[in-house]
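Take a look at the sequence and the structure below. Then read on for a short tour.

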Amino acid sequence: MNNIQACLFDLDGVIVDTAIYHYKAWKRLANELGFDFTEEQNELLKGVSRVRSLEIILGLGGITKTDAEKEELATRKNDWYVDMITRMKPNEVLPGAREFVQSCRDAGLKTALGSASKNSMTILEKIGMVNLFDVIIDGNKVTKAKPDPEVFLNGAKELGIDPANCVVFEDAIAGVEAAINGGMKVVGIGSPQVLVGANLVVKGLGEMSVERLQAL
Ligand code: B16
Ligand code: MG
């Protein structure tokens, strides 16, 4: 039996599905730049930072931009994205996510958010989940992107829990690797073929229970 004392959650793809809003905003930007951007290509951006996402999109369109132009483009995309997420409702939480985070807390486990998104607070406020996390580490608080473990190690440190006693919930392969690199257990949300290395892979937090954590 392990000694899990804290659960650290990625946001996009684990608690909510904001990928569709990211996609709409990036597609609008690509179209304005004169090329298309498909939903399949959007998969490349999961868990990736805003700046890196823009670089991937510019690469797909075969376009080169200066750093100043890149900043302007990323801001333009983010303004459209923020416009959409500020209209999010509590019923957009993924099935079982709110209940599982609450059951972790009821069982005496600490909870933290570990997300690459600089818009994490806006999303948590809109879905009414700010108070379900003891610690919130978002894209404004880290300098290194996943698979670097910084986001999760900072979460564990702020919680005061040893990384070996933490479990991370992640939908992106870079996030699964970040958890492993940080010496933590990891539950993948998605496909076992993609999320290689996870201790367990489920389709969503609705399949999780505190009891299942003991078998990791
Ligand atoms: P923002 P996560 C990530 O969130 C998203 O998966 C990724 O698609 C996005 O580019 C990134 O946040 C940055 O988001 O532009 O809002 O700062 O999966 O780490 O919760
Ligand atoms: Mg994610």
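The chain is split into two parts, domain 1 (6-16 + 90-214) and domain 2 (19-85). Keep in mind that this is a predicted model. Between the C-alpha centres of domain 1 and domain 2 the distance is 25 Å. Their contact draws on 10 residues from domain 1 and 10 residues from domain 2.

Now turn to the ligand. Where does ligand 1 sit? Ligand 1 is found in the largest pocket. Around ligand 1 there are 18 residues. Those that come nearest are Val48, Ser115, Ser117, Lys118 and Asn119.

Which domains supply the shell around ligand 1? Domain 1 (6-16 + 90-214) and domain 2 (19-85) each give at least three residues to this shell. By residue type, the shell around ligand 1 holds 5 nonpolar, 7 polar and 6 charged residues.

| Residue | Atom of the residue | Atom of the ligand | Distance |
|---|---|---|---|
| Leu45 | polar backbone atom | oxygen atom of ligand 1 | 3.1 Å |
| Ser117 | polar side-chain atom | oxygen atom of ligand 1 | 2.7 Å |
| Asn119 | N or O atom in the side chain | oxygen atom of ligand 1 | 2.7 Å |

How much of ligand 1 does the protein cover? On its own, ligand 1 has 460 Å² of accessible area, and the protein covers 97% of that.

Look back at the table with the neighbours in mind. Ser117 and Asn119 are also among the residues that come nearest to ligand 1.

Definitions and conventions:
Residues are numbered from 1 along each chain as its sequence is written. Chains are lettered from A and ligands numbered from 1 in the order in which they are written. This is a predicted model: local features need pLDDT of at least 70, side-chain atom pairs count only at pLDDT 80 or more; totals for chains, interfaces and linings use all residues. Side-chain values use heavy atoms; hydrogens and water are left out. A residue is near a molecule or strand if one of its heavy atoms lies within 4 Å of it. A polar contact is a pair of N or O atoms within 3.5 Å; within protein, one must be able to donate a hydrogen and the other to accept it, and residues adjacent in sequence count only if both atoms are side-chain atoms. Accessible areas come from the Shrake-Rupley method with a 1.4 Å probe; for residues, only the protein chains shown count as cover. On a 1 Å grid over the protein atoms alone, a cavity is a set of points where a 1.4 Å probe fits but cannot get out, and a pocket is an open set with protein on both sides within 12 Å along at least five of seven lines; lining residues have an atom within 4 Å of a point. A molecule sits in a cavity or pocket if more than half of its atoms lie within 2 Å of its grid points. Ala, Val, Leu, Ile, Met, Phe, Trp, Tyr, Cys and Pro count as nonpolar, Asp, Glu, Lys and Arg as charged, and the others, Gly among them, as polar. Domain bounds come from an automatic or database domain assignment. Contact means heavy atoms within 4.5 Å.
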